[in-house]
Amino acid sequence: MEPDTRPYTLHPLKLGFEVTDFDLSKVKDPAVIKIIKNDVKEHSLLVFRNQGTLTPEEYLEIGAWFGDIEPPILNHEKAPHKDIFRISNDCSQGMTRAGFSGWHIDGTYHPAPPSHSLYRIVELPTNRAATSFIPFTALLDSLPHEKRKVWDTLWTGTDDAKGIVHPLIYRHPETGKPVMCVHLGLVDHVYQNYGTPQQKDFSTHEFIEDIYEAIVSSDLIYHHEYQTGDLIISDNLALGHIASEETQLPRSQIGLRIMDRINVAGKKGPQK
């Protein structure tokens with residue numbers, strides 16, 4: 001089955017595409033799964049509308065199309081499965097303040113960060129609380145030459161206890177495009193020319209401010225305002241993301257928000 005015979009229609013968003021009137025729970029044909037995987041690889045973000053009837057097992061099966069499921073390090077007792085991370089604005093219903101501390105990809109504290117992240121809205125608050133995404137390749141292409149040269153020399157550590165250090169900029173293991181491994185909320189050390197005789201510390205404050213300003217001053221950010229039943233499949237290595245401030249508002253103000261996230265284990269760590 002070729003992309004021009006795909007069983008769904010891609011409707012363009014500012015970043016990626018949305019798919020309507022297509023039930024992911026009914027997908028069993030390997031050819032259709034291949035098309036979905038190729039579309040995610042090419043476009044980085046697919047939003048499937050009206051997937052509210054998926055069971056946790058069906059949701060995990062969709063995640064497994066992309067690789068082994070990576071269990072969350074922490075989870076909530078209300079999580080529907082040990083491999084599904086439950087997020088909420090109510091601490092009695094899920095983990096609060098998740099994804100809010102800074103622009104990031106998921107799992108920078110792993111030797112190989114997750115290849116994909118899936119987000120499913122379970123309970124939609126009245127404000128539709130957005131997740132924002134930024135395409136890293138386009139951001140890097142937009143940088144002034146001198147800034148890009150500096151960024152190319154930087155490496156970050158997000159968990160010194162494990163000694164895990166990643167290059168800021170590297171080639172995506174599947175597409176070969178330049179992407180970034182970064183978590184502005186967790187980075188605790190920045191190096192320049194790591195592992196070489198020229199290695200030296202780089203200001204963490206300057207690093208965070210510089211990347212933050214480059215992201216928020218660009219016109220590349222896509223703010224996804226959720227609809228009931230939304231399921232997002234994203235290329236975690238190609239896109240940075242952050243939960244909006246509105247996601248943190250209390251239940252008494254915006255109603256209950258519940259999101260279930262799945263991470264797909266990475267196969268290869270960032271390499272220069």
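Which strand gives the largest share of the lining of the largest pocket? That would be strand 17 (residues 258-264), which supplies three residues. Keep in mind that this is a predicted model.

**The pocket**
- The largest pocket comes out at a volume of about 510 Å³.
- Its lining is made up of 26 residues, and three of these come from strand 17.

- Three strands form an open sheet in the order 14-7-16, and the pairing is antiparallel.
- Going from one strand to the next, the twist averages 25°.
- Strand 7 (residues 131-135) and strand 16 run antiparallel and are joined by five bridges.
- On the residue level, I134 has G240 in strand 16 as its bridge partner.

- You'll find N236 in the loop that links strand 15 (231-235) to strand 16 (239-243).
- N236 counts as buried because its relative accessibility is 1%, and the cut-off for buried is under 20%.
- A polar atom of the N236 side chain lies 2.8 Å from the backbone oxygen of P114.
- Beyond its neighbours within four places in sequence, N236 is in contact with I105, D106, P114, S115, H116, S117 and H241.

Methods:
Residues are numbered from 1 along each chain as its sequence is written. This is a predicted model: local features need pLDDT of at least 70, side-chain atom pairs count only at pLDDT 80 or more; totals for chains, interfaces and linings use all residues. Side-chain values use heavy atoms; hydrogens and water are left out. Helices (H or I, at least four residues) and strands (E, at least two) are DSSP runs, numbered from the N terminus. Buried means under 20% relative accessible area, exposed over 50%, partly exposed in between (1.4 Å probe, protein chains only). A polar contact is a pair of N or O atoms within 3.5 Å; within protein, one must be able to donate a hydrogen and the other to accept it, and residues adjacent in sequence count only if both atoms are side-chain atoms. Contact means heavy atoms within 4.5 Å. Two strands pair if DSSP finds at least two bridges between them. Axes are lines fitted to C-alpha atoms, for helices over the stretch in contact, and angles run from 0 to 180 degrees between N-to-C directions. On a 1 Å grid over the protein atoms alone, a cavity is a set of points where a 1.4 Å probe fits but cannot get out, and a pocket is an open set with protein on both sides within 12 Å along at least five of seven lines; lining residues have an atom within 4 Å of a point. Grid points are joined across faces, edges and corners, and a volume is the space filled by probe spheres set on the points.
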